[in-house]
Amino acid sequence: MCVYIGIEDLAANALIEVMSKDESKRFVSYEELESYGAEVVNFLNTKGEKAVLILSRESTNAMFRNYSDIFEETVSDDQLGIQLKTNITIEELIIKFRGYLAWNVLLAFISKQTVSKLGVR
């Protein structure tokens with residue numbers, strides 16, 4: 001079986017991890033997302049799961065259309081990335097983007113190994 005990870009799940013879970021360390025940080029750069037996503041795939045591969053990231057510009061644009069009430073594209077510190085809208089809480093992200101995840105995928109998103117790619121301790 002192959003696990004497909006979309007940009008919306010990757011971004012939401014990255015933001016959950018970042019905000020759990022510092023609630024004021026509501027931005028994650030595309031560079032951080034790519035690194036985090038690659039590490040999530042690596043983590044799943046080491047557990048015997050095949051995983052594929054879906055990070056195309058087309059899928060990113062679709063995410064901004066489908067979740068325009070949650071995410072917006074912005075620049076912070078000269079880096080392009082995804083910002084969480086101000087009215088969205090970490091609890092809302094957890095309910096919307098973690099409630100349906102397979103256990104092994106959730107473990108990959110929260111692993112110290114993967115989260116370290118987001119620059120949080």
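Student: What is the handedness of the crossing of α1 and α4, and at roughly what angle do the axes of these helices cross?

Tutor: Two packed helices are described by the angle between their axes and by the distance between those axes. In this predicted model, the crossing of α1 and α4 is left-handed; the axes of α1, residues 7-21, and α4, residues 90-98, come within 10 Å and cross at roughly 145°.

Student: Which residues make the contact, and how do they divide into nonpolar, polar and charged?

Tutor: An α-helix has 3.6 residues a turn, so residues three or four places apart point the same way. Here α1 contributes Glu 8, Asp 9, Ala 12, Asn 13, Leu 15, Ile 16, Glu 17, Met 19 and Ser 20, while α4 contributes Ile 90, Leu 93, Ile 94, Phe 97 and Arg 98. The residues of this contact divide into eight nonpolar, two polar and four charged.

Student: How many residues does the largest nonpolar core have, and which element gives the most to this core?

Tutor: The largest nonpolar core has 37 residues, and those with the most contacts inside it are Leu 33, Tyr 36, Phe 71, Ile 82, Leu 84, Leu 93 and Phe 109. Two or more residues come from each of β1 (2-6), α1, α2, α3, β5, α4 and α5 (103-110), and α1 gives the most, with nine residues.

Student: Which residues of α3 are buried, and what covers them?

Tutor: Helix α3, residues 57-66, has Ser 59, Thr 60, Ala 62, Met 63 and Phe 64 as its buried residues. The cover over the buried residues of α3 includes α1, α2 (30-46), β3 (50-54), β4 (71-76) and β5 (79-84).

Student: Turning to the backbone, what is phi of Asp 77, and what is phi of Asp 78?

Tutor: Most residues other than glycine have a negative phi. Asp 77, however, has a positive phi near 50°, and Asp 78 has a positive phi near 65°. Asp 77 is found in the loop between β4 and β5, and Asp 78 lies in the loop between β4 and β5 as well. Asp 77 counts as exposed because its relative accessibility is 73%, and Asp 78 counts as exposed because its relative accessibility is 77%, where the cut-off for exposed is over 50%.

Student: Is Thr 86 buried or exposed, and how many residues apart in sequence are Thr 86 and Ile 70?

Tutor: Thr 86 is found in the loop between β5 and α4, and at 74% relative accessibility it counts as exposed. Thr 86 and Ile 70 are 16 residues apart in sequence, with their C-alpha atoms 8.6 Å apart in space.

Student: For the protein as a whole, how many helices and strands are there, and what is its radius of gyration?

Tutor: There are six helices and five strands, and from the N terminus on the elements run β-α-β-α-β-α-β-β-α-α-α. A compact globule of 121 residues would have a radius of gyration near 14 Å, and the 13 Å of the protein agrees with this. The C-alpha atoms fill a box of roughly 40 × 30 × 30 Å, taken along the principal axes, and 45% of the 121 residues count as buried. Among contacts between residues at least 6 apart in sequence, 69% join residues at least 24 apart.

How values were computed: Residues numbered from 1 in each chain as written. Predicted model: local features only at pLDDT ≥ 70, side-chain atom pairs only at ≥ 80, totals over all residues. Heavy atoms only, no water. Axes fitted to C-alpha atoms, helices over the stretch in contact; angles between N-to-C directions. Helix = DSSP H or I, 4+ residues; strand = E, 2+ residues; numbered from the N terminus. Left-handed = near helix turned anticlockwise from the far one by under 90°. Contact = heavy atoms within 4.5 Å. Nonpolar A, V, L, I, M, F, W, Y, C, P; charged D, E, K, R; others polar. Buried < 20%, exposed > 50% of the residue type's maximum accessible area, 1.4 Å probe, protein only. Core = buried A, V, L, I, M, F, W, Y, C linked by side-chain atoms within 4.5 Å. Rg over C-alpha atoms; globule rule 2.2 N^0.38 Å.
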